[in-house]
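This report describes selected features of one protein model. Please consult the sequence and the structure shown below while reading.

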Amino acid sequence: MPAGDRGAVIALHAVGDRREGTVVLDNVDWSVAPGERWVILGPNGSGKTTLLTLAGARLWPSSGVVEILGSRLGRVDVRTLRPRIALVSGSVTRQLRADLPARDVVVSGRHGALETWWHSYSEEDWAEADRLLDEAGFATIGTRPFGVISEGERQHVLLARALMSHPELLLLDEPAAGLDLGARERLVSRLGALAADPSSPTMVLVTHHCEEIPRGFTHAGLVRQGRLMAAGPLEEVITSSLVSTCFDLAVTVGQRDGRWWSRAE
C-alpha cells in the first residue's frame, strides 16, 4: 500500500472490473481518508455504482487491489468487514418486506438484518431507532408499513437504518433518485447535517446531479467510461470544464451558500 494511503478508509490501486467481456472500470486509483465526505458524479453506465459496490466489499475487482478500512479484499473475511460498512441503495429496499413497520426497518439495521425476529433488541436499541427517525423529522411514521410510506420517507428510513449500525463508512447510491423537489431537499438537508457532524462516519454519495451535493461535502470524483477522470477537493473537481468533459455536454457549474447548480450552455 503506498505510504500516502496508510490509514485510508478506501484505497483502490489500478482497479479494473470486466463483465462478460465489457470493461466496467479501468485502471482506477482512488483514496478516501477518514472523515472525508465524497460525492461521485458521472453519466449513466459510467461505473459509479460498481465503484461504490467495490467500496462496500460486495464485489471483487477483476484486477488491481481494493483495501477497505485497512483490510484487503481477497485476504479478509468479508463477514467481519461488511458490518462496519453501511449501504443505502435501492437493492436494500427491494429486499425488505413491504408490511414491515418503518421503526422495525430502522432497528433491524443494528445487525444488518431484514427481519427483527432474527435477533433480540434492547430498549436502548428501540429508543435509538426512534431518535434517528425523530432527528430526520419523521417520528410519526414509525408504525406505518415500509411499503406504503412515500419514496422520500423510505429514503430517510433507510438512512436511519444505515446509521443504526454505527458504521465506519456510509455509502449512498443515488438516494435522491425519483424524489420530488421537496423530498429531495429534505434528504439533501439531512445529509448536510450529517456531513457537518464530526461524529458521522466517512461518507461517499453517488449521484447524477450537482444539485444533490449536500453542504459540508469535502471531495468529489468524476467517472467517465469506467475511468476516474478527476478526484480531489470538491471545488477543484466540480468545475464547468471538468463536468462538461465528464458528461460530454457544455455546462456551467456554480455554487451559492454551499449548494451547487448546473445548466447547459
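How exposed is W118, judged by its relative accessible area? W118 is partly exposed, at 43%, where buried means under 20% relative accessible area, exposed over 50% and partly exposed in between (1.4 Å probe, protein chains only).

The model is predicted: local features need pLDDT of at least 70 and side-chain atom pairs count only at pLDDT 80 or more, while totals for chains, interfaces and linings use all residues. Residues are numbered from 1 along each chain as its sequence is written, and side-chain values use heavy atoms, with hydrogens and water left out.

**Aromatic pairs**

A search of the whole structure gives 3 aromatic pairs. Rings of Phe, Tyr and Trp (its six-membered ring) pair if their centres lie within 6.5 Å; planes under 30 degrees apart count as stacked, over 60 as edge-to-face and the rest as tilted. Two of these pairs, including one formed by W118, are listed here.

| Pair | Centre distance | Plane angle | Class |
|---|---|---|---|
| W117 and W118 | 5.8 Å | 85° | edge-to-face |
| Y121 and W126 | 6.1 Å | 70° | edge-to-face |

W117 counts as exposed, at 65% relative accessibility, whereas Y121 is buried, with a relative accessible area of 14%.

Helices (H or I, at least four residues) and strands (E, at least two) are DSSP runs, numbered from the N terminus. Two strands pair if DSSP finds at least two bridges between them. An open sheet of 4 strands has the order 2-1-4-5, and its pairing is antiparallel. Strand 2 (22–32) and strand 5 (71–72) are at the edges with a single partner strand each, so one side of each has no neighbour in the sheet. Strand 1 (residues 10–19) is joined to strand 2 by 7 bridges, and the two run antiparallel; A11 has S31 of strand 2 as its bridge partner.

Helix 1 (residues 48–55) lies across strand 1, strand 2 and strand 4 (63–68), at about 55° to strand 2. Contact means heavy atoms within 4.5 Å. The angle is taken between axes fitted to C-alpha atoms, for helices over the stretch in contact, and runs from 0 to 180 degrees between N-to-C directions. After helix 1 comes A57, with a positive phi near 60°.

**Strand 9 and its partners**

In strand 9 (residues 219–224), 5 of the 6 residues are buried, so the strand is largely enclosed by the rest of the structure. Strand 3 (residues 37–41) runs parallel to strand 9, with 4 bridges joining them; I40 has G221 as its bridge partner.

R161 lies in helix 6 (residues 151–164). R161 is buried yet has no salt bridge, the nearest side chain of opposite charge being E115, 9.4 Å away. Here Lys and Arg count as positive and Asp and Glu as negative, with His and the chain ends not counted; a salt bridge is a side-chain nitrogen of Lys or Arg within 4 Å of a carboxyl oxygen of Asp or Glu.

D257 is placed in the loop between strand 11 (251–256) and strand 12 (259–264) and counts as exposed, at 61% relative accessibility.
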